[in-house]
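Me: I have a structure open and have not looked at it before. Can you walk me through some of it?

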Amino acid sequence: MKWNESRKAFKESKDWIIYNQKDDGRITWDEKGKCDPWDHCECLIALALFEEWDPFIKGVDWFFNTLSQDGLIYPEFQNNKITHNHFESHHAPYIILPLLQAVLMGRGDLITSDIKSKIKIIFDQLDRFRDTDGYYNWARDKNGLCDNSLITASMSIFLSLKALNNSSKIKFDQKLWSSKFNRDGIDRSRFSMDFYYPYMCGVKNNKNVFHNSLKDFYVEGLGVKCVKEEPWVTIAESCECIIALLVLGDIETAKKIFNNILQFKNDNGIFPTGYQYKMDIFWPEENSTWTNAAVIIAAHALFTFNKKETSKGNVFFYLNNLLQGDQAINPFN
């Protein structure tokens, strides 16, 4: 089945994203009004896949209107008020992924000269987060850089850089992996995102290691846990893990996990953030827009895996060089 036929099953998820877009263009998590710019971008990718260009453009405009003159964006807003007074290194650069997804959908006209100039400012600013070893500090505030690098944030930056310059040579020296990421006494192996994100982004590719790690997080019949020791399956993590599996070429396991999470769609066709299976409750009590965006992205990935629908590729596949033979796209220079 093609994406254009199968996407009807996820129309309600797309409509939920649009329903939670405010007049100024920001896309909130739900009716409570919280907005995270990275999650906002994830929702924009989903809107691009549905070719919902009016809300997409509105959302892009909000992002750039909210961006500071020096290419930074605050990490969280509540009812359009800034709630965290710092900047996270991976937030502003991530806007390049929904823009590239729009280009892959045939809307290269959306990349205006103004957007190109702002993209340059964003990535020039990103260099200020980088340390001498090539790793990126997680955040910066008025007191300076946070002495911490995070796996998922760094992988998001890796994808953003790859979208900017089409280079597969961008690498983090993995000899320094533990010293850079395992800080503050935190065991990063507890978190599923830190396990699968390097595979989803093409930084790691050992299938055996991946599947051994997956055993710690996959719950048969339910999906992927967020944290190893918690009885909590989360829909977005399951969907991102599905993309990682497809990048590795394991379509059967990807299909199995995707079929697992379909059971959680509610009567309105919308997906919850997560399911606590020991208590048999959906927790937290929310149907986050970014979760529904992740479902749309994973569904598109499955239905376009190793296929070309008039070059309408999935941005994650494109950045992992799965659309072989396509001419490299670099609309941002």
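Reply: Here are some notes on salt bridges, helix packing and a surface patch.

Me: What kind of model is this, and how are the residues numbered?

Reply: This is a predicted model, in which local features need pLDDT of at least 70 and side-chain atom pairs count only at pLDDT 80 or more, while totals for chains, interfaces and linings use all residues. Residues are numbered from 1 along each chain as its sequence is written, and side-chain values use heavy atoms, with hydrogens and water left out.

Me: How many salt bridges does the structure hold?

Reply: There are 14 salt bridges, a salt bridge being a side-chain nitrogen of Lys or Arg within 4 Å of a carboxyl oxygen of Asp or Glu.

Me: Which residue does Asp24 meet in a salt bridge?

Reply: Asp24 pairs with Arg26, at 2.9 Å from N to O.

Me: Are Asp24 and Arg26 buried or exposed?

Reply: Asp24 is partly exposed, because its relative accessible area is 30%. Arg26 has 11% relative accessibility, so Arg26 counts as buried. The cut-offs are under 20% relative accessible area for buried, over 50% for exposed, and partly exposed in between, with a 1.4 Å probe and protein chains only.

Me: And what does Asp30 pair with?

Reply: Asp30 forms a salt bridge with Lys32, and their closest N and O atoms are 3.4 Å apart. Asp30 is buried, at 4% relative accessibility, whereas Lys32 is exposed, at 54%.

Me: Where do Asp114 and Lys118 lie?

Reply: Both are in helix 6 (residues 113-126), four residues apart, which is about one turn of the helix. Helices here are DSSP runs (H or I, at least four residues), as are strands (E, at least two), numbered from the N terminus. Asp114 and Lys118 form a salt bridge, with the closest N and O atoms 3.2 Å apart. Asp114 is partly exposed at 42% relative accessibility, and Lys118 is partly exposed at 23%.

Me: Switching to helices. At what angle do helix 3 and helix 4 pack?

Reply: Helix 3 (residues 37-49) and helix 4 (residues 53-66) pack at about 155°, and their axes are 9 Å apart. Axes are lines fitted to C-alpha atoms, for helices over the stretch in contact, and angles run from 0 to 180 degrees between N-to-C directions. Helix 3 and helix 4 are therefore roughly antiparallel. Angles over 145 degrees count that way, under 35 as roughly parallel, 65 to 115 as roughly perpendicular, and the rest as oblique.

Me: What about helix 6 and helix 7?

Reply: Helix 6 packs against helix 7 (residues 151-165) at about 135°, with the axes 12 Å apart. That makes helix 6 oblique to helix 7.

Me: Where is Gly108?

Reply: Gly108 sits in the loop between helix 5 (96-104) and helix 6. Gly108 is partly exposed, at 37% relative accessibility. The C-alpha atoms of Gly108 and Phe332 are separated by 10.0 Å, with the two residues 224 apart along the chain.

Me: Last topic: which residues make the nonpolar surface patch of about 310 Å²?

Reply: Met279, Ile281 and Trp283 make that patch. Patches are made of residues with over 30% relative accessible area and no salt bridge, where like charges are joined within 9 Å and nonpolar side chains (Val, Leu, Ile, Met, Phe, Trp, Tyr) within 5 Å. Accessible areas come from the Shrake-Rupley method with a 1.4 Å probe, and for residues only the protein chains shown count as cover. Ile281 is in strand 11 (residues 281-282), and Ile281 counts as partly exposed at 32% relative accessibility.
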